[in-house]
Amino acid sequence: MTTLNDFSRCIVQYDPHALPVSSAQAIVREWASPVTAVERVPLHDALDRVLADDIVSPINVPAHDNSAMDGYAFDGASLEAQAGTVSLRVAGKALAGHAFERAIKAGECVRVMTGALIPPGCDTIVPQEAVTREADTVHFAAGALTRGANRRLAGEDLAQGQPALRAGRIVRASDLGLLASLGIGEVAVRRRLRVAFFSTGDELRSLGEPLEPGCVYDSNRHTLFAMLRRMNIAALDLGVVRDEPAALEAALRNAAESADVVLTSGGVSVGEADFTKQLVRTFGDVAFWSLAMRPGRPLAFGRVWSGGRPGAGHPALFFGLPGNPVAVMVTFYQIVREALIVMSGATVPPQPVISATSTQAIRKRAGRTEFQRGVATRDAHGQWRVTPTGSQGSGVLSSMSEANCFLVLVHEQADIDEGDTVDIMLFDGLV
Ligand code: AMP
Ligand code: MG
């Protein structure tokens, strides 16, 4: 068995005391293997799931040539035959769902509505706004149109036999409509990834419990729940675990038994009660990293087994996240998220990064990546501007709620002046 330690040592630049974010991401990507089980679900349940197979279009969409406009369909040859003004007699009409079936004769046209089948012998549509109508005849300028105008061709949206959506796609709103347009009511998707998580710390209290001096409410379990839910991952909340090796071991084994991935928070730093670190060293194949990253410096990554030692029982990928609430969110988004996408069987969608002008000077040390919380707006010229939220402390969760983006201050970057350009990652996508 290749161990994580063997593997990590092979990565160029590997320095466990200051591992660059990009190297950590590369190692994690390498160790994330997709779930293989497939299930068939009804169309609506496919939203946010991962397609198991290519979806090959069983039909042409649209199925037949049809009109893109309300207007008059005619034989485009008339455009050359009747230069200047074209005059045609209206022979009948076609509505969406109601065809005009006989072939037109020379000098005729057919009143058509958007979506109506194009009548036999016709190939061009003049929009109704472009004609003048006198009784049964329409007149329009030939020069305003080219042959084939305003016609939607069969298969122009999706051609029969062509892949309409690729395996690995995370199904979005447009895809549900697209699948429906193909007549597909049931879809093969990968089974949902299962992620178990718990918080560690003797100071943590759960909701509803009294808060004694020195205690804090556990917030990490709730942000983790929410981040997993938004990725449509099956989240298994295993509660708060005390800083006690036996309790931690039981919780880890239980988590590995029931999940593909185990996430913990707290206990991976160098404090006296940081047992997660001591414990999982013997327990699994785990590397402890000090990431060249802020927030989120301490992080454990590896595999744990339900049997309590490498190779025994059910394996799970393991991320020991830091305890500080902002660090949990930053490490989740920057390190864990991509692994979860890969393990779900999905193709990782590109993460847009945009350039913004910093409205203020920012202190930054070269040699680590910083993910500050920022508020981005667009100015009157359409340029993005970004302002860091007030406190950037890794325990200040309100900075995440206030922000709408991460400022990504890359590894080599040093202090930033007001007016400098920085990278930002917006929190919300539109679709
Ligand atoms: P640790 O890494 O366990 O030393 O935790 C670092 C800091 O994060 C401490 O101030 C903890 O009280 C805090 N912390 C740890 N876990 C949580 C949690 N689940 N919810 C809120 N704060 C936490
Ligand atoms: Mg702790």
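**Cores and strand E23**

Mentor: The largest nonpolar core has 43 residues. Val261, Leu263, Trp289, Phe301, Phe319, Ile335 and Leu340 have the most contacts inside it. Such a core is a set of buried Ala, Val, Leu, Ile, Met, Phe, Trp, Tyr and Cys residues joined through side-chain atoms within 4.5 Å. Buried means under 20% relative accessible area, with a 1.4 Å probe and protein chains only.

Trainee: Which helix gives the most to this core?

Mentor: Helix H8, residues 325-343, with eleven residues. Helices (H or I, at least four residues) and strands (E, at least two) are DSSP runs, numbered from the N terminus.

Trainee: What about a second core?

Mentor: That one is separate and has 21 residues, including Ala247 and Phe283.

Trainee: What should I know about the model itself?

Mentor: This is a predicted model: local features need pLDDT of at least 70, side-chain atom pairs count only at pLDDT 80 or more, and totals for chains, interfaces and linings use all residues. Residues are numbered from 1 along each chain as its sequence is written, chains are lettered from A and ligands numbered from 1 in the order written, and side-chain values use heavy atoms, leaving out hydrogens and water.

Trainee: New topic. How many residues of strand E23 are buried?

Mentor: Seven of ten, over residues 369-378.

Trainee: Which way does E23 run against E19?

Mentor: Parallel, with two bridges. Strands pair if DSSP finds at least two bridges between them. Methionine 293 partners threonine 369.

Trainee: And E24, parallel or antiparallel?

Mentor: Antiparallel, through five bridges. E23 and E24 form a hairpin with five residues between them. Glycine 382 in the turn has a positive phi of about 85 degrees.

Technical notes:
Buried means under 20% relative accessible area, exposed over 50%, partly exposed in between (1.4 Å probe, protein chains only).
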